[in-house]
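The following paragraphs walk through one protein model, from single residues to the whole chain. Please keep the sequence and the 3D view at hand while reading.

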Amino acid sequence: MAKIKSALDIQLELTRPIEELTEVISAVIASQPARRKEILKGLDIAIGDALAGIQAQEEKEQKVVDS
C-alpha cells in the first residue's frame, strides 16, 4: 500500500533566523493557500503569547533590580 505524506525537510541557517523562518512560513503558506489565513492567525497567536511571556519575564526582572 502506498503511503503519501506532505513534509518539508528544512535546514535553517541560525545566523539569519528571521529570513530563514520567513522563507519556511512562505513555503508552508504556498502549499496550503486555502488555509493561509488560519495559519497566519495561529502564528500570530503563538508569537503574541511568546512576546507576552518575554514581557512578563522582563517586568519580573526589573522589579528585582528596582528592589
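Lys-63 is part of helix α2, which covers residues 36-66; helices (H or I, at least four residues) and strands (E, at least two) are DSSP runs, numbered from the N terminus. This is a predicted model, in which local features need pLDDT of at least 70 and side-chain atom pairs count only at pLDDT 80 or more, while totals for chains, interfaces and linings use all residues. Residues are numbered from 1 along each chain as its sequence is written, and side-chain values use heavy atoms, with hydrogens and water left out.

Lys-63 counts as exposed because its relative accessibility is 60%; buried means under 20% relative accessible area, exposed over 50%, and partly exposed in between (1.4 Å probe, protein chains only). Gly-53 lies ten residues from Lys-63 along the chain, and the C-alpha atoms of the two are separated by 15 Å.

Helix α2 also holds Ile-39. Is Ile-39 buried or exposed? Ile-39 counts as buried, at 18% relative accessibility. Between Ile-39 and Val-28 there are 8.7 Å from C-alpha to C-alpha, and the two are eleven residues apart in sequence.

How many salt bridges does a search of the whole structure find? The search finds two, a salt bridge being a side-chain nitrogen of Lys or Arg within 4 Å of a carboxyl oxygen of Asp or Glu. One of them joins Arg-16 to Glu-20, with 2.8 Å between the closest N and O atoms. Arg-16 is partly exposed at 35% relative accessibility, whereas Glu-20 is buried, with a relative accessible area of 11%. In another salt bridge the side chains of Arg-35 and Glu-38 meet at 3.0 Å, N to O. Arg-35 is partly exposed with a relative accessible area of 39%, and Glu-38 is partly exposed with 48%.

On the surface there is also a nonpolar patch, formed by Leu-8, Ile-10, Leu-12, Leu-14 and Leu-21, with about 480 Å² of accessible area together. Patches are made of residues with over 30% relative accessible area and no salt bridge; like charges are joined within 9 Å, and nonpolar side chains (Val, Leu, Ile, Met, Phe, Trp, Tyr) within 5 Å. Leu-12 sits in the segment before α1 (17-31) and is partly exposed, its relative accessible area being 38%.

Now for the protein as a whole. Its secondary structure comes to two helices and zero strands. The radius of gyration is 18 Å, well over the 11 Å that the globule rule gives for 67 residues, so the protein is more spread out than a compact globule. This radius is taken over C-alpha atoms, and the globule rule is 2.2 Å times the number of residues to the power 0.38. Along the principal axes, the C-alpha atoms fill a box of roughly 65 × 25 × 25 Å. Of the 67 residues, 4% are buried. The accessible surface comes to about 6400 Å², and 59% of that belongs to carbon and sulfur atoms; accessible areas come from the Shrake-Rupley method with a 1.4 Å probe.
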